[in-house]
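Please open the model in a viewer and keep the selection tool at hand. The stops below proceed from the whole chain to single side chains.

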Amino acid sequence: MRYTKEELTEAQRQLDSTLHKLRETVRTLEGKERPERYRSQITLARRRIRALEIALSLIRDALEGQGEQT
């Protein structure tokens, strides 16, 4: 499926925002008095962070590919 440069750029912006919020969530949970109580939430957030990093990498690759075609 093909996406426009504008669609990819907007997706990148939205994912960057979500990634920032997730990283802040992990910092907050790790900073709690007893972070071990939040282990599952921290693990889930870290997995989501990694998934978003992969998605953003693929979007950047797609944007670079579009730049070469023009």
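## The whole chain

The protein chain has an accessible surface of about 5,700 Å², and 50% of that area belongs to carbon and sulfur atoms; accessible areas come from the Shrake-Rupley method with a 1.4 Å probe, and for residues only the protein chains shown count as cover. The model is predicted: local features need pLDDT of at least 70, and side-chain atom pairs count only at pLDDT 80 or more, whereas totals for chains, interfaces and linings use all residues. Residues are numbered from 1 along each chain as its sequence is written, and side-chain values use heavy atoms, with hydrogens and water left out.

Display the C-alpha trace and orient the view along its principal axes: the trace spans about 55 × 15 × 15 Å. The radius of gyration is 16 Å, whereas a compact globule of 70 residues would have a value near 11 Å. That radius is taken over C-alpha atoms, and the globule rule is 2.2 Å times the number of residues to the power 0.38.

Next, colour by secondary structure. How many helices and strands does the protein chain have? There are two helices and zero strands; helices (H or I, at least four residues) and strands (E, at least two) are DSSP runs, numbered from the N terminus.

Buried residues make up 20% of the 70 residues in the chain. Buried means under 20% relative accessible area, exposed means over 50%, and partly exposed lies in between (1.4 Å probe, protein chains only). Of the contacts with a separation of 6 or more, 70% join residues 24 or more positions apart, a contact being heavy atoms within 4.5 Å.

## Helix α1

Select residues 5–30, which form helix α1. This helix has 26 residues and reaches 37 Å from its first C-alpha to its last, close to the 38 Å expected at 1.5 Å a residue; the expected span is 1.5 Å times one less than the number of residues. Then highlight the buried residues of α1: Leu8, Gln12, Leu19, Leu22, Val26 and Leu29.

Centre on Gln12. Is this residue buried or exposed? Gln12 counts as buried because its relative accessibility is 17%. Not counting residues up to four places away in sequence, Gln12 touches Leu56, Ile59, Arg60 and Leu63.

From Gln12, draw a distance to Ser57: their C-alpha atoms, 45 residues apart along the chain, are separated by 9.3 Å. Ser57 lies in helix α2 and is partly exposed, with a relative accessible area of 33%.

Glu7 is also found in helix α1, and at 43% relative accessibility it counts as partly exposed.

## The nonpolar core

Now select Leu19, Leu22, Val26, Leu29, Ile42, Ala45, Ile49, Leu52 and Leu56, the nine residues of the largest nonpolar core. The elements that give two or more residues to this core are α1 and α2, and the largest share, five residues, comes from α2. Such a core is a set of buried Ala, Val, Leu, Ile, Met, Phe, Trp, Tyr and Cys residues joined through side-chain atoms within 4.5 Å.

Zoom in on Ala45. Leaving aside neighbours within four places in sequence, Ala45 is in contact with Leu22 and Val26.

## Salt bridges

Finally, show the charged side chains. The count comes to six salt bridges, each being a side-chain nitrogen of Lys or Arg within 4 Å of a carboxyl oxygen of Asp or Glu.

- Select Glu10 and Arg13, which form a salt bridge with the closest N and O atoms 2.9 Å apart. They are three residues apart in helix α1 and therefore separated by about one helical turn. Glu10 is partly exposed at 34%, whereas Arg13 is exposed at 52%.
- Select Glu36 and Arg34, whose closest N and O atoms are 3.4 Å apart in a salt bridge. Glu36 is partly exposed at 44%, and Arg34 is partly exposed at 45%.
- Select Glu53 and Arg50, whose side chains meet in a salt bridge (3.4 Å, N to O). Both lie in helix α2 (residues 39–69), three residues apart, about one helical turn. Glu53 is partly exposed at 27%.
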